[in-house]
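The following note concerns a two-chain structure and is arranged as numbered points. Please read it alongside the coordinates.

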Amino acid sequence: MEDNRKNILEVKNLHTYFYTDSGVVKSVDGVDFVLKEGATLGIVGESGSGKSVTSLSIMGLLTGTTGKIAEGEILLEGRDIAHISEEEKRKMRGSQISMIFQEPMTSLNPVMKIGKQLTECILQHQNISKEEAYQKAEDMLRKTGVPRVEHMMKEYPFQLSGGQRQRVMIAMALVCRPKILIADEPTTALDVTIQAQILDLMNDLKEEIGTSILFITHDLGVVAEVCDEVVVMYCGRVVEKGDVYSLFAKPSHPYTIGLLNSIPKLGEAAEELEVIPGNVPNPKYMPKGCKFAPRCSRAFDKCMEEEPGFFSIGDGHMSRCWLCEKGGV
Amino acid sequence: MLRYTLKRIVGVIPTLIIVVTFVFFFVRMIPGDPARLVAGEQATLEDVESVRQQLGLNQPIPVQYVKYVTGLVKGDLGMSLRTKRPVLTEVSARYGNTMALTVASLVWSTIVGVLLGVWSGKNRGKWQDFTGMTLAVSGISLPNFWIGFLLIMLFAVKLRWLPTTGAGSFKNLILPAITLGTSIAAIIARFTRSSIVEVLKEDYIRTARAKGLKEKTVTWGHAFRNSMISVVTVVGLQFGFLLGGSVVTEAVFAYPGLGQLLIESVNYRDYPAIQSLILIFSLQFIIINLIVDILYAILNPEIKLS
């Protein structure tokens, strides 16, 4: 399958380290992926896998933390955005790349009206009048399918439900028609029925506005629903990537297989859910070889000694596992 | 909003009744006999008794209480035992001075305290934070009478820029207002700082940054108003302490205000004056708290609209 769409975002060998008092924490340790124009790329991983830090690195939102991009490039349409000034990063946020977050309940300013929160983003990036901006904001909010839009523009966040707030967040992120939308677990805090509605909404607006989406989640069900391509992260590294069909059909990294097995299957009367044994290692005491080896049921001697490379197993499907060294499991 | 305000105002009435009653009885528990003080040192026992009768202090305490409360309802604060003039006249002559001092102190300390707090909180852990909080801790730790004496030594005695004592002009107000406001400014700065630090960790601040807003807009447009919700409460409470602090400050600067009047009245066991002054202080405190509650509601739409 030849993909002719151009690369809108390329992350190359990204290393984001946090410099804490007790040492350097390598939250993102060599991540590569490409987001094609108009595509949805899923980044999957457990808490602590570095997926959120990757998104914050792209957004340039590490300021104020001890985190820094230590190495690597982030190319937005070929232009490096990892090493530009704070002011340039600020101008890029909200207009070129925007982001929605996991917690719709706390992600809106409680003492500011919805209308103001939407318009201030437009006014920051575009040179138009307040009235025009307000109109634009109202139109965008209407697209998200919330009821009584005129009314809601004058309301405060506490008057809205969780699903409505997430719709407001989506409207806010898309109101300047950014090239990329980073969605960091946007549906995790919502009811399952609302989740489905929000995912549909994001898909619809993606088409309409022509945004590419970077979808960060731990939920493989959601990935199957919305993503074209998937990147699986573990301990700050990409352990497997591929298009969504081949990854779900032929998962090759034992971690991906474990994640897929831990989803309860409909119609199977399982006594207990399958789990991946153990925990994500403490970043200060990383295993020497493959970072997943201590939890891997198929690990052998080499896994403990040497970190595997990224092996291709065909059609852009790649896996960081010694079992794939000779192509395929 | 209107209903909320009315409810608050009605809620004040029981507090006032309690204050009036408590003050009335507690004042009478201070050792010392006002009749003896009024009659003078050479007075005979009969003289003292006749003075006592004259002042109505021979009546049973419950009777005095009823008389006092009936007077209050009519707006009569009673006669000062010391000056033989209506307490209302005594108080109104000095009320303006104390108000000027209190308001001036509160205004400058709020402005300085909030700015210092935001500046420190925004730059948490950096030199700005260290400077701001060192200033704040010094402001809290230095007793205000001592600051008063230092200011008098420097600006009044050495430099001769400002008068040492008295009231009536702006120049007279400067040193007492600095003295009285320093610790308040420091307390407000510390509260503002911790409030800003907390608010800056909130998710909606990250959202504001993700929108590409300027850092100035993030601080003043998003963080500031949210942090003020808790700071307003503190400022209101400080106003109450300002009234107490004004007693000391007025003594240091011989500033003719209510604080000084209170000291004189206590020394003289001037029951009607003490009662009235404490009632005024309480009433002011209550009014300020009322204003704080209303401000709180204005800042917090969740209260305003419910």
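1. Helices here are DSSP runs of H or I with at least four residues, numbered from the N terminus. The model under review is predicted. With that convention, helix α7 of chain B spans residues 144-158 and gives the most to a nonpolar patch, with 5 residues.

2. The patch lies on the surface and is formed by L142(B), F145(B), W146(B), F149(B), L150(B), M153(B) and V248(B). Together these residues have about 630 Å² of accessible area. L142(B) is placed in the loop between α6 (127-141) and α7 of chain B.

3. Turning to the interface, 25 residues of chain A are in contact with 21 residues of chain B. The two chains bury about 2100 Å² between them, and 59% of this area is on carbon and sulfur atoms.

4. How many salt bridges are counted between chain A and chain B? The count is 1. In this salt bridge the side chain of K211(B) meets that of E120(A), with an N to O distance of 2.8 Å. Polar contacts between chain A and chain B number 13 residue pairs, both residues being at pLDDT 80 or more.

5. On the side of chain A that touches chain B, α3 (114-125) and α6 (162-174) of chain A each supply at least two residues. The most is given by α3(A), with 5 residues. Sorted by class, this side of chain A has 13 nonpolar, 8 polar and 4 charged residues.

How values were computed:
Residues are numbered from 1 along each chain as its sequence is written. Chains are lettered from A and ligands numbered from 1 in the order in which they are written. This is a predicted model: local features need pLDDT of at least 70, side-chain atom pairs count only at pLDDT 80 or more; totals for chains, interfaces and linings use all residues. Side-chain values use heavy atoms; hydrogens and water are left out. Contact means heavy atoms within 4.5 Å. Buried area is the accessible area (1.4 Å probe) that two parts lose on being put together, summed over both. A salt bridge is a side-chain nitrogen of Lys or Arg within 4 Å of a carboxyl oxygen of Asp or Glu. A polar contact is a pair of N or O atoms within 3.5 Å; within protein, one must be able to donate a hydrogen and the other to accept it, and residues adjacent in sequence count only if both atoms are side-chain atoms. Ala, Val, Leu, Ile, Met, Phe, Trp, Tyr, Cys and Pro count as nonpolar, Asp, Glu, Lys and Arg as charged, and the others, Gly among them, as polar. Patches are made of residues with over 30% relative accessible area and no salt bridge: like charges are joined within 9 Å, nonpolar side chains (Val, Leu, Ile, Met, Phe, Trp, Tyr) within 5 Å. Accessible areas come from the Shrake-Rupley method with a 1.4 Å probe; for residues, only the protein chains shown count as cover.
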